[in-house]
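Visitor: Hi! I'm new to this one. Could you show me the structure and walk me through it?

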Amino acid sequence: MSYVLSLLIALPLVAAPFVFIATRANRRLGIYLSLALSVVVLAIAAYVFGQVYATPPPGGQYLFQEKYSWISFSSFGLNYFLGTDGLSSPLIFVSALLTVLVIIGSRKLIDHHEAEYYSLIFMFEGAIMGVFTSLNLILFYIFWEIVLIPMFFFIGVWGGPRRKYAALKFIIYTFSGSTIMLLGFLYFYMGMPSPSFDIPTIQTMLQAHQIPVALEYVPLLASFIGFAVKLPLVPFHSWLPDAHVEAPSPISVLLAGVLLKMGGYGFIRISIGLFPGASTEYAWVFLALGLFSMFYGAVAALLQKDLKKMIAFTSINHMGFVLFGAYATLISGSVLGIQGAIFQMFTHALAIGCLFMLSGYVQHQAGTREIPLLKGLGITMPRTAVILVLGSAAAMGLPPFSSFLAEFMVIVAGISASAITAISVLVPVITAGYFLWMIKRTVLSPAEPGHESHDMGWSDVAAFAVYLIPLVVLIVTSYLILTPALPVAQFLKGLA
Amino acid sequence: MTDYLTITVALLAGTGLFLPLLQVFRTGRENLAGYILALVLAASLALIGLFTLYPSTVPWAGSLVIPDQMGGVFALVTLGVTLAVTVASFDFLKSGNKPIYYSLLGFTALGMVLLSYSQDLLMLFVSWELMSLPTYVLAGFDKKQHSNEASVKYAIIGAMSSAVILYAISLAYGLTGSTQISTVVAGFTSHPSALAGVATLLFVAGFGFKMSIVPFHMWIPDAYEGAPTTISTLLAAATKKAGFIAAIRVLLAITTLYAVTNSPLFTMANVFAVLALVTMTVGNISALTQKSMTRLLAYSSIAQAGYILIGFVAFSNAPGSSAAIIGLTGTVFHVINHAVMKGAAFLAAALVLLQLKRSDLKAYDGLGRRMPITAFTLAVAFLGLAGVPPLSGFWSKLLLILSVANGPYGWLALAAILNSAFSLGYYAWIIKRMYMDEGESTEKVKEPFWFVLIFAVMVGLIIGIGLFPQQVISFVSNAVTSFAG
């Protein structure tokens, strides 16, 4: 039995108190320790990612499995059960990568309660790794909820002026959604002929047709509510703009880059993976909701004056693609949908992470995030402007950024499900429209006279390059993600 | 084996009787009584702990008391809480009469231990009174206006509930000719009558006062607010639990309300389900609007009683099924967790009241910086009460909701889930006040040693049981299986 995944979860969780003590004693020591630890976690995550690519587990099977009995009495049993496959390994890797970048970016942007801040980052990272590697529904739920606690404090302590309101709204929204999801799991468990919370066990029973489709509707609806709040899917999205606007920028990176992925991951792993019969029956509803979210996010982003709010709505738009792609596979049987959805989650994490971090720099350097007030960035802050243009290009899915490929795959899968969904090609057009308009107003406009320039340093440019280079590299090496994703997509298609 | 129980009873009774002598001799060492009681309670805890590991079905004191595992669990919980309250009182109690205070605490503890093991209605009633009478005095121990008011209100309602229970016992004796619980229940089942149904409902009402079930909860917020906060801790975390063991012993074996009406809807499971729903909903909604911490905790305690009742529903609905075992395990487990979490929260509130001289919620603004240990304890206890994993409260709530998740009481599971989410509204709100709001002052406040010690133990239990629940769950489920056996 392997201990790699447990290490991936335990290392950040155990590190948290040490980081707290170190940062209390000496700020620089604490930040360097955080950076070093997060790089170690990234190395482990990269190893996991590489192994999954080297030997992709066949559909329905998982690498690095760990299984221990946690609680058992009378007829009730619960396992500590971890494993990874082509769906979770890219997310594990990108979460670890973003954590490193967030710690680098926080040096300048976070200036109080730093000991608490860095230790909470590690608590968050450990919990996220747990979400992506759990193969037991209750374990999954536990990590899912632990993620909320650091995020509640991140928004509430280090956020903007309305931070307390945003923090409470965030935690009540997402906690309500996830408790309902839990109820769905419990209902499902009690109805099974031989109850189990283990995802692979349930999938084996599904393949043997031991679970009646009638049992799947309630948990599908319940898990839909939990995941739709996280994704977020319109109309469950109203916490997201508030949370993003108030959260400090490094935390927005984690929020959009990592936390939203939990929703997309949940839809693919659980809604489709455990309730395939009911999912297929209602696939059109999900497809339509995804499409609506894509359009809504794009149009709402167009109307925003706050740079960060615009990026937040772009997230809603992009995450709509994930749902759209995943359910397009169920309807059309084209594996491109789920593959594209997994790819989209990976590219979105980096592209949107870059933009959110950049919005923090812009506010820090220029003193505002209002698009109409930001003028002449191309002249006053040339390096920032270049990153902004490149990040926007990545977000709108312009080649050579691999976000292009991801959105392309999803749209193709959608069209093979139904020709009507071809209208989804309009979404990238609107996205490109508002990004270009934003660039015209901020980068290409003439500078206000007398405005001093505070551009970012070259070390920051290097950090931003880490977001963007993988996106370019992946368009030629997309097989790194798509090859291990293929058996997952085929397996899920086969279940349905 | 039953010698353990003899020693425990003798220890507690002897301590209760002789502690007041310290008052007479005026040794000048006021806290001595407290130290003695704490040692005795710790010794009793150890004895009962051993005793529960090697449970016995040999009757003790005739057939009045049978020391089974189920009783052991409750005796341990109530003794543990009393010990925590005693230790916290070392710092909390300022006025004189300390030996009397500790002596009364000792008698309450004895009452709760005997009640946990009672197998006979008369024994149950006597230990019920032994537990309750000292708390009436303790609730008024402050000799201040609001404390006395709380005490009188509590005493009147308490006397009423005792009268209701006694009336139910007399009906039961009249119908079955016995006060032995098992005989009474068997008699109710074999000769159903309308009077048996009435007696059952009277038991629900009588125990309901202590268990803080809506609509028998009216006295709770006033009493908890007026009483010295350490005594509120005792009422919420210990005597309330004693109400639950009485209900488990008497009510769980009765499944239908024979012949009160002929409607098939009128089953005990339905009665419990409605009570659970109303109790948790009323408790949570009222808690949200409170301005004082003790009242908020009182309503939260009422809401938790609603969750605990869910296990009763699952058990009465299908005794012997796996859902029944899961549900009752959840009930007993939640009783344990709730005692720890609510005990921690109340003692944290007691310390804030002691040091800042106020209990309104404004006192909690910015508490995270002023009293970091207290604020952390309160935050952990609140997250546990809301059912956030991986804290201990999550597991018991999980089992409770699981037991009714799929079946005729699915609506109750949904209600409990929504209530949990709703309750986070006020729990997270207090945490927000402690860690995100600016207080009126940022000056550090002293956190006395004994309180910090108890907080450390309780936070350790909440997190420890949360991470490694197997030991406690199998202990509880053994007790439940042998009880349901």
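Guide: Happy to; here is a short tour, taken topic by topic.

Guide: This is a predicted model, where local features need pLDDT of at least 70, side-chain atom pairs count only at pLDDT 80 or more, and totals for chains, interfaces and linings use all residues. Residues are numbered from 1 along each chain as its sequence is written, while chains are lettered from A and ligands numbered from 1 in the order in which they are written.

Visitor: Okay, how many helices and strands does chain A have?

Guide: Chain A has 20 helices and 2 strands. Those are DSSP runs numbered from the N terminus, with at least four residues of H or I for a helix and at least two of E for a strand.

Visitor: What share of chain A counts as buried?

Guide: Of its 496 residues, 63% do. Buried means that 20 or more other C-beta atoms lie within 10 Å of a residue's own; exposed means 12 or fewer, and partly exposed is in between, with C-beta atoms placed from the backbone.

Visitor: Which domains does chain A have?

Guide: The assignment gives domain 1 (1–281) and domain 2 (284–496), with bounds that come from an automatic or database domain assignment. Their C-alpha centres lie 22 Å apart.

Visitor: How many residues of the two domains are in contact?

Guide: In chain A, 51 residues of domain 1 are in contact with 46 residues of domain 2. Here contact means that the C-beta atoms of two residues, placed from the backbone, lie within 7 Å. On the domain 1 side, H10(A) gives the most, with 15 residues. By class, that side of domain 1 of chain A has 31 nonpolar, 17 polar and 3 charged residues. Ala, Val, Leu, Ile, Met, Phe, Trp, Tyr, Cys and Pro count as nonpolar, Asp, Glu, Lys and Arg as charged, and the others, Gly among them, as polar.

Visitor: Switching topic: how many residues of chain A and chain B are in the contact?

Guide: The contact takes 28 residues from chain A and 30 residues from chain B. On the chain B side, the largest share comes from H17(B), with 12 residues. That side of chain B has 19 nonpolar, 10 polar and 1 charged residues.

Visitor: Which residues touch the most other members of the largest nonpolar core?

Guide: Among them are Val147(A), Ile310(B) and Leu412(B), in a core of 401 residues. Such a core is a set of buried Ala, Val, Leu, Ile, Met, Phe, Trp, Tyr and Cys residues joined through C-beta atoms within 7 Å. H13(B) gives the most to this core, with 21 residues.

Visitor: What is Ile310(B) in contact with?

Guide: Leaving aside neighbours within four places in sequence, the contacts of Ile310(B) include Ala276(B), Gly327(B), Leu400(B) and Leu412(B).

Visitor: What is the phi of Phe64(A), then?

Guide: Phe64(A) has a positive phi of about 55°, although it is not a glycine. Phe64(A) is in strand S1 (residues 63–73) of chain A.

Visitor: Is Phe64(A) buried or exposed?

Guide: Phe64(A) is buried, because 23 other C-beta atoms lie within 10 Å.

Visitor: And what about His113(A)?

Guide: The phi of His113(A) is near 50°, a positive value in a residue other than glycine. His113(A) lies in the loop between H3 and helix H4 (114–133) of chain A. With 14 C-beta neighbours inside 10 Å, His113(A) counts as partly exposed.
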